[in-house]
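I opened the model today and kept notes as I went. The entries below follow the order in which I looked things up.

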Amino acid sequence: MPDLTNEEYATLAEKWAKNPPKPGPNGTGFFAQRKAALAAQSARSITVDSFSADYLYNKAISSHKTPADIIGEMVQKEIAAVI
C-alpha cells in the first residue's frame, strides 16, 4: 500500500480534527454494534460430557465430517421425526 502524500495527511488530520469519532454509550457505537452482529451470526457453545465428546469425535472421523455436521444431522433427524 503506497504511503500518503503530505497533502493527504493534512486533509485527513483536518477531517479528524473537525469530526472526531464519538463512541456511543451502552453499546451503540460502531465497534460494539459490529461485535454484536458477529456474535449473532456465530454458533452457540455447549458443554458435553467426555463420553459424548468421544462419540462425536469418533463418528466425525469415521464419516469424514466435522462434529458440528454430525450434531446438525442428529438434530435434523429429531425434528423430522417430530413433524
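Entry 1, burial. I call a residue buried when its relative accessible area is under 20%, exposed when it is over 50%, and partly exposed in between. The model is a predicted one. By that cut-off, I found that buried residues make up 5% of the 83 residues in the protein. I also looked up the accessible surface, which comes to about 7900 Å². Carbon and sulfur atoms account for 61% of that surface.

I counted four helices and zero strands. Read from the N terminus, the order is α-α-α-α. I then checked the radius of gyration, which is 24 Å for the protein, whereas a compact globule of 83 residues would have a value near 12 Å. Along its principal axes, the C-alpha trace spans about 65 × 35 × 25 Å.

I looked up 9 positive and 9 negative charges in the protein. Their mean positions lie 7 Å apart.

I placed Thr11 in helix α1, which covers residues 6-18. What does the side chain of Thr11 reach at 2.9 Å? I found the backbone oxygen of Glu7 there. I noted for helices in general that an α-helix has 3.6 residues a turn, so residues three or four places apart point the same way.

I checked the length of α3, which has 14 residues and reaches 20 Å from its first C-alpha to its last. That is close to the 20 Å expected at 1.5 Å a residue. Ser63 is found in this helix, α3. Is Ser63 buried, partly exposed or exposed? I put Ser63 down as partly exposed, because its relative accessible area is 28%, which falls between the 20% and 50% cut-offs. From Ser63 I went to Glu14, which is 49 residues apart from it in sequence and 59 Å apart in space, C-alpha to C-alpha.

What is the phi of His64 near? I read a value near 55°, which is positive in a residue other than glycine. I recorded His64 as exposed because its relative accessible area is 74%, and the cut-off for exposed is over 50%.

Conventions
Residues numbered from 1 in each chain as written. Predicted model: local features only at pLDDT ≥ 70, side-chain atom pairs only at ≥ 80, totals over all residues. Heavy atoms only, no water. Helix = DSSP H or I, 4+ residues; strand = E, 2+ residues; numbered from the N terminus. Rg over C-alpha atoms; globule rule 2.2 N^0.38 Å. Buried < 20%, exposed > 50% of the residue type's maximum accessible area, 1.4 Å probe, protein only. Areas by Shrake-Rupley, 256 points an atom, 1.4 Å probe, with all protein chains shown as cover. Lys, Arg positive; Asp, Glu negative; His and termini not counted. Charge placed at Lys NZ, Arg CZ, Asp CG, Glu CD. Polar contact = N/O pair within 3.5 Å; in protein donor to acceptor, adjacent residues only side chain to side chain. Expected span 1.5 Å × (residues − 1).
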